[in-house]
Amino acid sequence: MPAEGINMLFTYKDITKDIFEQPDVCIIGSGAGGAVMADVLSGAGLDVVVLEEGGYYTKDRYSNYKPYESFKILYRDYGATLAFGRIPIMLPLGRAVGGTTVINSGTCFRTPDSVLNDWAETFGIIKASPIDMEPYFERVEKTINVVPVDPEILGRNGLVFKRGADALGLSNGMLKHNMINCHGCGRCVFGCPTDAKQAVHLNFIPSAVKHGARVYANARADRIRVEGRTVKEITGSILNEETDNRIYSISVKPKLLIMSAGAVYTPYMLDRNNLRISPELGRNLAIHPAVRVTAMFDELIEGYKGVPQGNYMDAYASEGIMHEGIFVPPEIGLPVMGKLGFKGKELASNYNRTAAFGVMVSDKNSFGSVRAGVDNRPFITYSLHPYDIKKMIKGIAVASEVFFAAGAKSVNTSVFGFNELKTPDDISRLFEKKISATAFEMMAFHPLGTARMGEMPGHSVVDSFGKVHVIDNMFISDGSIVPTSLGVNPQITIMSLSMRNAEHIAENRSKLIK
Amino acid sequence: MAIKELKVLDQKLYNIARAIAEAIIPAGGAFEPGANEVDAALLFDHYIDRLSRIQFRFIKYILYMIQYTPLLTKFKLFTRMSLGERIKYLQGWEESRVSSKRYIFITLKLLIMMPFYSDDRIQDAIGIHSSMGEHPECLLKV
Ligand SMILES: Cc1cc2nc3c(=O)[nH]c(=O)nc-3n(C[C@H](O)[C@H](O)[C@H](O)COP(=O)(O)OP(=O)(O)OC[C@H]3O[C@@H](n4cnc5c(N)ncnc54)[C@H](O)[C@@H]3O)c2cc1C
Ligand code: SF4
């Protein structure tokens, strides 16, 4: 029996034998890119099969888990996928029907006009100007219900930061989120327990299924067989969700393959299959490196109540520095913020008075890559450019000023050697000597760029609509085609490009689907 | 600890994990219960049951490193050190100038502290209820 209410969404429990499929289109991955593709192409009358390695979860399943258990269930590698360089950077990825949108913060930004214009100029990308993209942004935002966060559910963590930013006259505001009836429970990154957050498994995927798409959850694509310039077959495994062991095989012989496994797993899979479709494949990884700044207050904050990423400060956005809310419950926050021993317990008992905000930098100068590694995993490298480190330090200094202006007793920067700032005067210490990349505790949430778009084959992996230059029936549609760092959260960009590219495929089906 | 309750650690690794957990979260101080009161080492064992083989090997390697490296400087196994000595020794990892050492320790701290601070008894003790399942604390009641 397929998943209840969704006739053609199959999980491992519904499958009792090896599967053979011969659809028009096979999509690998059901996240921001894959789900939109599936909906538009099936809506255009094409026969679509989606393979998704993760399970199918809705509020009924994961609302009973504690937040930390979600790392085991909804994330890859317990949320600890690592990029290696001078420091390891944690790069969490979702693994579920709906991909990373199931565990993201729900923040929605359109691609900045300056970025779209830059793509046209630098990469020759056609038909993706701000005017071209406008209708796609609108349709995506309507489908996933993008609205500004209601200040009533922002919570005190966001409010104290706003108070500080206002006191300093720094531009800030409420973020837009994809949500319906959000009640500010603070669990967005562990899976929304009430389905208020409109991740793509609640809209694009059910719509695709309604149009006849067959979505296989717990179905990992392993091999891609290509002959000459043509993809012939994808073979994979149906996995037991409890053990991740293979229980059946799946073989798909599509007329067109769409890779939507994300900016890490798309290049990894292609490399693992020796499909070196471009020297640029797996290169140019941008991740939006981010750090947290925390502050102790006398007043009660209870930061875990309210939308964790409800507001932003864009006063330094033109310099590539964005400040966005973050807050996690104590079981996640304390291990990274706290000290061991009795000091750590003291911090735990003061967690109610702790506030936190995130600093994210647009990484135009740093450089990362993805290729196949050991243990059936990608090997990710990333080295932070000194210029981006400078931006990070500035972002931390500004966030510290904001917290002090809001009345913080002390600020914790998470930069080794500068952990506690006791007064605003301490902030200048951050600029006194050179801080190396190894001093930061960094995370990143937005992998992009590893199969970038462009009209010059030697300089890009896919064309302006996501078609792989050197393979006749393969497209890529996920974060990997986004050619540069965006400076803002990427889900709307990925979904809108996917919608545009899907329409291009549907319009040109006679040429592309043979 | 009956070995059959353990999912992935053997008794020896469990003992090391228990000694580490107690040093990370000792009993007493700002609130009473410590790691051993809720058997944080057992919670850790249950939490890591889905690590890949390579990841589990890495965790085992960290546990053994912490157990045996004090032999070189303190002439004692980690599990034979007093609580105060263990806290001080692990502070060396937490505050190390070598960033990879700090990162390895954060990983271990995360895996031990997450289940500990998620335990209802501990959330009661610190007065925070952030993981209440279906109806977590929220600003607007549903
Ligand atoms: C904690 C967190 C918070 C975030 N918050 C925000 C936010 O607030 N706003 C925002 O815009 N962005 C946010 N993001 C980022 C955003 O969610 C992602 O950029 C976006 O979902 C990426 O889309 P994608 O299609 O490239 O990949 P994904 O959404 O990751 O989808 C890829 C899918 O492919 C599947 N897959 C991979 N390999 C295979 C295989 N071999 N076979 C079958 N399936 C496979 C994966 O399991 C996954 O489900 C956040 C990310 C994280 C981790
Ligand atoms: S704050 Fe809670 S209800 Fe609102 S979207 Fe996030 S998880 Fe869902």
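Two residues are in contact when heavy atoms lie within 4.5 Å. By that count, residues 24 or more positions apart make up 62% of the contacts in chain B with a separation of 6 or more. The model is a predicted one.

Stay with chain B for a moment. Chain B has seven helices and zero strands. Read from the N terminus, its elements run α-α-α-α-α-α-α. The chain has 142 residues, and 52% of them count as buried.

Now turn to chain A and its helix H4, residues 113-123. Which residues of H4(A) are buried? They are Val115(A), Leu116(A), Trp119(A) and Phe123(A). Around the helix axis they cover an arc of only 100 degrees, so they sit on the same side of H4(A). The face turned away from the buried side of H4(A) carries Ser114(A) and Glu121(A), both exposed. What do the buried residues of H4(A) pack against? Their partners are helix H5 (130-143) and helix H12 (491-507) of chain A. Just after H4(A) comes Gly124(A), with a positive phi of about 70 degrees.

Is Val140(A) buried or exposed? Its relative accessible area is 0%, and the cut-off for buried is under 20%, so Val140(A) is buried. Leaving out residues up to four places away in sequence, Val140(A) touches Phe204(A), Ile492(A), Met495(A), Ser496(A) and Met499(A). Helix H12 of chain A covers residues 491-507. Val140(A) and Glu121(A) are 19 residues apart along the chain, and their C-alpha atoms are separated by 25 Å.

Next comes helix H10 of chain A, residues 341-349. Its buried residues are Gly341(A), Gly344(A), Lys345(A), Leu347(A) and Ala348(A). They cover an arc of only 160 degrees around the axis, which puts them on the same side of H10(A). What covers these residues comes from both chains. From chain A, the cover includes strand S15 (289-296) and helix H9 (330-337). From chain B, it includes helix H1 (11-24), helix H6 (99-118) and helix H7 (120-126).

Gly173(A) is found in strand S8 (residues 172-174) of chain A. With a relative accessible area of 16%, Gly173(A) is buried. Apart from residues up to four places away in sequence, Gly173(A) touches Asn311(A) and Tyr312(A).

On to ligand 2. The space that ligand 2 takes is the largest cavity. Which residues surround it? The shell includes Cys182(A), His183(A), Gly184(A), Cys185(A), Gly186(A), Arg187(A) and Cys188(A). Also in the shell are Cys192(A), Pro193(A), Thr194(A), Ala196(A) and Lys197(A). By class, the shell divides into six nonpolar, four polar and two charged residues.

Pick out Cys192(A) from that shell. Cys192(A) is found in the loop between strand S9 (176-178) and helix H7 (204-210) of chain A. At 9% relative accessibility, Cys192(A) counts as buried. Its contacts, not counting residues up to four places away in sequence, are Lys59(A), Tyr62(A), Val102(A), Arg187(A) and Lys197(A).

Asn181(A) has a positive phi of about 55 degrees although it is not a glycine. Its relative accessibility is 67%, so Asn181(A) counts as exposed. Asn274(A) is another residue other than glycine with a positive phi, near 55 degrees. Where does Asn274(A) lie? It lies in the loop between helix H8 (262-272) and S15 of chain A. At 56% relative accessibility, Asn274(A) counts as exposed.

Conventions:
Residues numbered from 1 in each chain as written. Chains lettered and ligands numbered in written order. Predicted model: local features only at pLDDT ≥ 70, side-chain atom pairs only at ≥ 80, totals over all residues. Heavy atoms only, no water. Buried < 20%, exposed > 50% of the residue type's maximum accessible area, 1.4 Å probe, protein only. Helix = DSSP H or I, 4+ residues; strand = E, 2+ residues; numbered from the N terminus. Arc of directions from axis to C-beta. Near = heavy atom within 4 Å. 1 Å grid on protein atoms, 1.4 Å probe; cavity = no way out; pocket = protein on both sides within 12 Å on 5 of 7 lines; lining within 4 Å. Sits in = over half its atoms within 2 Å of the grid points. Nonpolar A, V, L, I, M, F, W, Y, C, P; charged D, E, K, R; others polar.
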